[in-house]
Structures are given as structure tokens and as C-alpha cells.
Amino acid sequence: MIFKIEDVTVYFPYDNIYPEQYEYMVELKRALDAKGHCLLEMPTGTGKTIALLSLITSYRLSRPDSPIKLVYCTRTVHEMEKTLAELKLLHDYQVRHLGAQAKILAIGLSSRKNLCVNPKVVAAENRDSVDAACRKRTASWVRALSAENPNIELCNFFENYEKAAENALLPPGVYTLEDLRGFGKNRGWCPYFLARHMVQFANVIVYSYQYLLDPKVAGIISKELQKESVIVFDEAHNIDNVCIEALSVSVRRVTLEGANRNLNKIRQEIDRFKATDAGRLRAEYNRLVEGLALRGDISGGDQWLANPALPHDILKEAVPGNIRRAEHFVHVLRRLLQYLGGRLDTENVEKESPVSFVSSLNSQAGIEQKTLKFCYDRLHSLMLTLEITDTDEFLPIQTVCDFATLVGTYARGFSIIIEPYDERMPHIPDPILHLSCHDASLAIKPVFDRFQSVVITSGTLSPIDLYPRLLSFNPVVSRSFKMSMTRDCICPMVLTRGSDQLPVSTKFDMRSDPGVVRNYGKLLVEMVSIVPDGVVCFFVSYSYMDSIIATWKETGILDEITHQKLVFFETQDVVETTLALDNYRRACDCGRGAVFFSVARGKVAEGIDFDRHYGRLVIMYGVPFQYTLSKILLARLEYLRDTFQIKEGDFLNFDALRQAAQCVGRVIRSKADYGMMIFADKRYSRHDKRSKLPGWILSHLRDANLNLSTDMAIHIAREFLRKMAQPYDKTGGSVGKKTLLTQEDLEKMAESGVQDMVY
């Protein structure tokens with residue numbers, strides 16, 4: 001359908017539109033017009049992605065003189081593929097109606113592991129090994145040597161891409177990762193370097209959060225993006241955690257041992273170069289004196305990760321004299337490793353600020369703050385000079401230089417925490433030194449400053465007023481949308497006690513109580529006997545899930561469950577979990593029904609949908625708080641309290657409830673879907689916890705469902721399932737409130753004003 005929002009003609013590839021999609025587009029357009037940032041919370045399963053893509057691409061078409069670029073950031077490759085599939089559909093629709101002027105170039109960009117088509121390279125087991133195998137075949141010095149020695153193996157795909165030079169271009173269209181690999185194979189060009197090259201020409205780019213938020217990656221991939229870009233962070237409820245991880249580094253004993261081995265190898269290489277090509281090291285020294293940390297413009301194959309500090313914090317000056325000579329720099333790193341090794345030999349937990357850490361490093365090892373700042377760039381330069389391609393082997397020394405650069409650059413917003421052992425296993429010594437970032441606004445600030453509009457959107461952004469404080473920005477639009485329904489297809493319940501009236505909770509003093517464990521088990525036994533197809537259960541942690549299931553096995557509860565449905569588990573192994581999910585789906589498809597046990601902060605809670613018959617009921621056992629004794633979490637809470645005046649309890653409640661909402665939101669992926677959500681913990685009946693759930697869940701949570709026992713919950717579930725089995729009018733016309741709008745409805749609304757429509 002084609003309709004107008006003020007002066008923009010919107011091309012929408014479906015015949016009907018949900019009222020909330022239309023409102024979402026109106027608010028999004030307001031933010032684009034104001035050239036500002038916005039926060040939009042929209043329920044899951046209401047077509048958020050297509051609404052975003054339709055409005056922004058149509059907005060671009062209506063402003064041909066100032067073409068904006070759309071950068072769409074997702075968390076997983078699976079979400080990236082889904083977004084590109086939606087965009088393909090939309091692009092075909094726009095081209096059908098507008099012809100050639102609607103043609104765009106849209107690409108998905110991922111790591112070499114997901115884009116490489118060279119079978120020998122992609123056979124490596126992990127991402128770092130694939131990157132290193134690629135560098136061994138594409139580095140400029142390797143290619144120069146191969147001219148003299150034909151036995152050196154190169155990558156034909158990269159060679160053909162280089163030969164094509166300026167002609168290596170993608171024709172307009174929407175390219176998923178699979179399409180890019182197919183195109184690369186057909187032409188004989190490297191899809192990874194082709195996609196990297198096309199980023200500057202593409203109208204729409206879809207890639208991972210890290211490509212914008214992690215300075216090491218953003219410095220290479222995203223530095224050419226123009227200011228007129230619109231940045232979208234989808235499923236951004238955890239964006240503060242992504243920002244913090246991007247600037248945090250951990251160093252263990254094995255890291256220091258690996259770094260020492262790396263330094264020995266670097267030392268051997270320096271001696272070899274001194275004997276065979278001393279001019280190279282001299283040229284590097286002269287370059288560093290002039291203040292050019294790198295050799296000007298580096299060819300694509302040689303590019304390494306950029307500096308881990310944010311762009312405006314990197315010093316634009318010459319490298320300090322004491323690390324210009326390669327052997328002096330290696331000596332400084334040796335002293336740094338020795339100092340870090342000494343700090344790891346501790347029996348107590350230590351916490352200090354970067355300033356005091358740097359001053360004690362200076363007094364004990366004689367390394368100044370300015371020297372630390374340059375560690376990463378100096379190592380980068382040295383590895384290029386020594387022509388090292390096995391970058392995966394040199395990860396330990398890179399981690400140490402990462403740490404040094406960050407600790408030398410930032411004085412506030414960070415803590416250094418040294419833990420002699422993991423608190424959950426105090427008898428095993430495993431010292432670890434964390435440089436922990438507490439301020440999420442540090443990593444995202446360059447994005448807000450650089451681009452005219454940043455859109456942060458998700459199904460779970462409640463309470464929405466906390467995000468501007470955590471990320472320190474001022475949104476021009478901040479809205480939370482409700483779901484327009486023809487029938488109440490969501491049934492949230494708060495279960496506070498078992499059928500024997502004993503309260504249930506995963507509070508630390510109650511969680512191992514046999515009465516609680518038994519009541520949790522009985523709830524599931526009763527529910528699997530009346531709920532068809534798939535049931536998903538989320539627990540607060542892996543250890544709690546293991547202990548509760550072991551008890552259920554001993555008491556025979558698990559056997560009662562398996563009489564009704566098959567049982568599958570999420571484990572910490574990705575392959576095992578994928579296999580379990582696949583079999584869970586097969587059990588639901590064939591009518592046997594299944595139960596999936598998962599963890600609230602695991603992989604499944606974030607990216608896997610249990611739509612339709614794969615999830616008719618989800619049970620959230622307990623409130624998924626973070627491990628509150630974690631020293632890193634305590635340091636962050638202290639920083640939030642002192643800097644942003646956010647109370648510890650408020651932040652912990654907010655964090656736990658966004659995670660719980662994310663888990664239960666997995667079951668509703670469209671309006672034709674239906675599902676029940678049980679919050680099984682007496683704490684959810686308290687207003688301070690419950691009020692932090694998203695509005696679209698709260699609007700369906702009736703007072704009668706707030707303080708249930710197991711048998712009351714079963715009665716409500718039976719009634720709900722019976723109601724859902726009845727036929728209903730999908731457009732909502734018979735109930736007097738339309739939930740599917742046609743083109744005529746939109747035209748009428750445009751005349752009478754938006755507010756008359758739905759709710």
C-alpha cells in the first residue's frame with residue numbers, strides 16, 4: 001500500500017498496516033525531521049523492522065537532494081538475515097511502483113568467517129584463525145614474495161578482486177550474506193573485501209553493533225560513514241552492556257604467559273631483521289619520529305584492528321622516544337608483563353582507579369602514562385614492520401596492549417579489579433585482572449555526536465526514562481507503543497504460591513527450600529497436561545537449573561513431565577543447544593509436544609523465537625537478577641549512584657525485569673499468535689517490580705491474575721486456551737476497533753487526525 005505521512009509518500013509492501021506501525025512511522029519521521037535521536041519501544045511481533053525500513057527508505061526517496069544512508073545494527077547474524085529478507089521484499093515493491101529511481105544498494109556485512117569463500121581459509125575452526133589464514137594469503141609482503149617464489153600460496157579470490165580494481169563493484173540490489181558469497185564465487189572476487197569496499201557506496205548497511213560501538217572495529221569499518229546517516233540499533237534493550245563490554249579488558253595468567261611467548265617471537269624477528277634488513281627498522285624509527293604511527297595508507301589486506309580508545313581520545317602526536325626503537329619497546333612490554341604478573345599474585349580482592357594504578361606502575365616499573373597510551377599503536381606498527389601474519393597467535397600481547405592503552409587514556413568511568421579466584425569456586429586459584437568500564441555513554445557518545453539521527457528501538461525499553469540517563473543523551477522523541485488487539489491473545493499471570501499455599505520465590509534464602517522446588521515442579525506437571533505443543537521454562541542461572549532438575553529427577557517429578565512431553569535443555573555448549581532446539585521444534589511439529597529448559601541470561605533468551613505452536617506457554621522461574629556479589633557489578637552500581645544518581649536497587653530491578661520481559665516476549669511474534677506468560681515468584685506481585693515491565697505486558701495483566709496459586713493458574717489457563725480456540729475476526733471490525741488498517745482507513749485518518757483511531 002502507498003500512503004502519505006505529511007510530505008513523505010510511504011511505500012509499504014503489505015495490503016494492511018497495524019495502527020501502531022503507522023504511529024511508529026509518524027514518531028520516527030518527527031525524529032528524522034528534527035535531525036535528532038529517538039527512543040521507541042514497540043511490542044514484539046508488531047512489524048517493527050518493516051515499519052522502520054519502509055519509512056526511512058521512503059524518506060530518502062522524498063529527499064533526493066540530501067540522500068541519507070541507513071545503517072541498521074543487529075545483535076546476531078540471524079537477525080541480520082531476517083532484516084535483509086524484509087528489505088528485499090520492500091525494495092522489489094518500491095521498484096515495481098517507481099522503476100529505476102527506487103533502486104538502492106543494500107549489503108549485510110559480517111566477519112571473514114561468515115563471508116569467506118576460500119575453502120582452505122574458512123576451514124579454520126574459529127574467527128581469529130580464519131582472519132589469520134586470510135592475512136597469510138593477502139598481506140602485501142606475502143604477495144610481493146610470491147612473485148619470486150611461486151610456492152607461496154595466495155588467495156585467488158583476493159587476487160582477482162585486486163586485478164578488477166575500480167571495476168570491482170556490486171550492481172544495485174539487496175545482498176544477504178548468502179547473496180554476497182554467491183556473487184563472489186561467480187565473479188571470482190573476494191566477497192569480504194568487496195563488501196568492505198562497497199560500504200562507502202551502499203544506501204543501506206546491515207551489520208553488528210560492534211562495528212559502530214567497539215572502537216577497534218569501528219575505526220576500520222565505519223570511519224567513512226557520512227554525518228547524514230541514520231543509525232538504527234534494533235533489539236537495543238541491552239545496549240548499555242554492549243557499550244561496556246566494548247571498552248573492558250580482562251587479563252589472566254594464561255594471557256601473560258602467551259604474551260611472554262609472543263615477545264620472545266617478536267624479539268627473534270627483530271634480530272632476524274637486524275641481520276638481513278636493518279633498513280626496515282630504521283625506516284620505521286624515522287617514521288615514528290615524524291609522528292606517523294602507521295605507514296600512511298595501508299592496503300586492504302594489511303589492515304589490522306584500530307586503536308581500542310575512542311577516536312577523540314587518541315593523541316595525534318609523535319610516539320614517545322623511549323619506545324621508538326623496537327627493542328626498547330619490547331623491553332617496556334616485558335616490564336609491564338612482570339608488573340602485571342606481580343599484581344596477580346594476590347590473596348585478596350583489590351580495587352583501584354586507573355590513576356592510582358598508573359602511578360604505582362610508574363613508581364615500580366618506570367612506565368609513564370604517555371608510554372601506555374601508545375602501546376597499541378606501537379605494537380601495530382611493529383607487527384606490520386616485522387611482517388607478522390599469524391595474528392591469532394599474537395592475541396595475548398594484543399590484549400595486554402589493549403589494556404595498557406585504555407588504562408593510560410581514561411582516568412574516570414573505569415575501575416581496575418583484581419580477583420584471586422572465582423567466588424563460586426574459592427578453592428581453585430584463578431587470578432584475573434579486570435579493567436572494567438562502568439560508563440556506557442563513553443562508547444556510544446561518538447555515535448551520538450557524529451550522526452544526525454540515532455534510533456534506539458526494542459520490545460523492552462521500560463522504564464524508558466532510564467536509557468537517556470544511562471547513555472547520557474537527549475532524545476527528541478521518546479515513546480512506548482501498546483499493542484492493538486482484536487482478542488486478548490496474551491495472558492500474563494503472577495504466581496505467588498503453590499497449591500499447598502506455600503509462597504514460591506528464587507530469593508537466596510528460599511530457593512533451595514524443598515517446598516519451593518516441589519511447587520515449581522508441580523506447576524509444570526499440571527501445565528504440561530493441559531497446554532498443547534511447546535512449553536518454555538526460563539531459570540535464573542545454569543547452576544539453579546541444574547540443581548532444581550536434579551531434585552525433580554530424584555522426586556519423580558521429571559518422569560511425570562516426560563509422560564506428557566519430551567524434555568530438552570539449553571547447555572553452555574552452542575552446538576548442543578542448537579541440536580536440542582532443532583529436536584524441540586521437531587517434537588512440536590509432530591504433535592508430541594515438548595518442554596525446553598533455558599536460562600534467562602543464556603543464548604536462547606536473546607535471539608530465538610518460540611512463535612506459534614513452539615511456545616504456547618512460557619514460565620519465568622524467579623526474578624533474573626545479576627550475580628549481586630560480583631565485584632564488577634558492585635563497582636558499576638557505585639559509579640551509577642555517584643555519577644547519574646541512579647540507586648542500586650532501581651538499576652538491579654530494571655536490569656532483572658528487562659531480562660524477564662525479554663524472555664517472556666519470545667512467545668508472541670505476531671498478532672495471530674497467542675501465548676501465556678507465568679511469572680512464578682512472589683516478588684512480581686510487588687508494585688515496584690511489576691511496574692518496570694513493558695506497557696504492552698502490563699496492559700494485559702489483570703488484577704485478578706496478580707496473586708495466584710497453582711490451581712487458580714490452571715483454571716485461568718484452561719479458560720484462556722478454550723477462548724483462543726474460537727474463530728475470530730482478524731481485522732477487528734466486528735469489535736468496533738480496527739487492528740488492521742487499509743489504505744482507505746489511512747486516508748480517512750489523515751483527514752480526521754490520527755488520534756481518533758484505535759485505542
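Q: What is an axis, and how do angles run between two of them?
A: An axis is a line fitted to C-alpha atoms, for helices over the stretch in contact, and angles run from 0 to 180 degrees between N-to-C directions. The model here is a predicted one.

Q: At what angle do the axes of helix α14 and helix α15 cross?
A: The axes of α14 (residues 253-276) and α15 (residues 278-289) cross at roughly 110 degrees and come within 5 Å.

Q: What makes α14 roughly perpendicular to α15?
A: Angles of 65 to 115 degrees count as roughly perpendicular. The crossing angle is roughly 110 degrees, so α14 is roughly perpendicular to α15.

Q: Which residues make the contact between α14 and α15?
A: From α14 come I270, F273, K274 and T276, while α15 brings A278, R280 and L281. By type, these residues divide into four nonpolar, one polar and two charged.

Q: Now for D7: where does D7 lie?
A: D7 sits in the loop between β1 (2-5) and β2 (8-11). UniProt, in an unreviewed entry, places the feature "domain: Helicase ATP-binding" at residues 7-285.

Q: Why is D7 called partly exposed?
A: Buried means under 20% relative accessible area and exposed means over 50%. D7 has 45%, so D7 is partly exposed.

Conventions
Residues numbered from 1 in each chain as written. Predicted model: local features only at pLDDT ≥ 70, side-chain atom pairs only at ≥ 80, totals over all residues. Heavy atoms only, no water. UniProt positions renumbered as here; feature names shortened; annotations may be inferred. Helix = DSSP H or I, 4+ residues; strand = E, 2+ residues; numbered from the N terminus. Buried < 20%, exposed > 50% of the residue type's maximum accessible area, 1.4 Å probe, protein only. Parallel < 35°, antiparallel > 145°, perpendicular 65-115°, else oblique. Contact = heavy atoms within 4.5 Å. Nonpolar A, V, L, I, M, F, W, Y, C, P; charged D, E, K, R; others polar.
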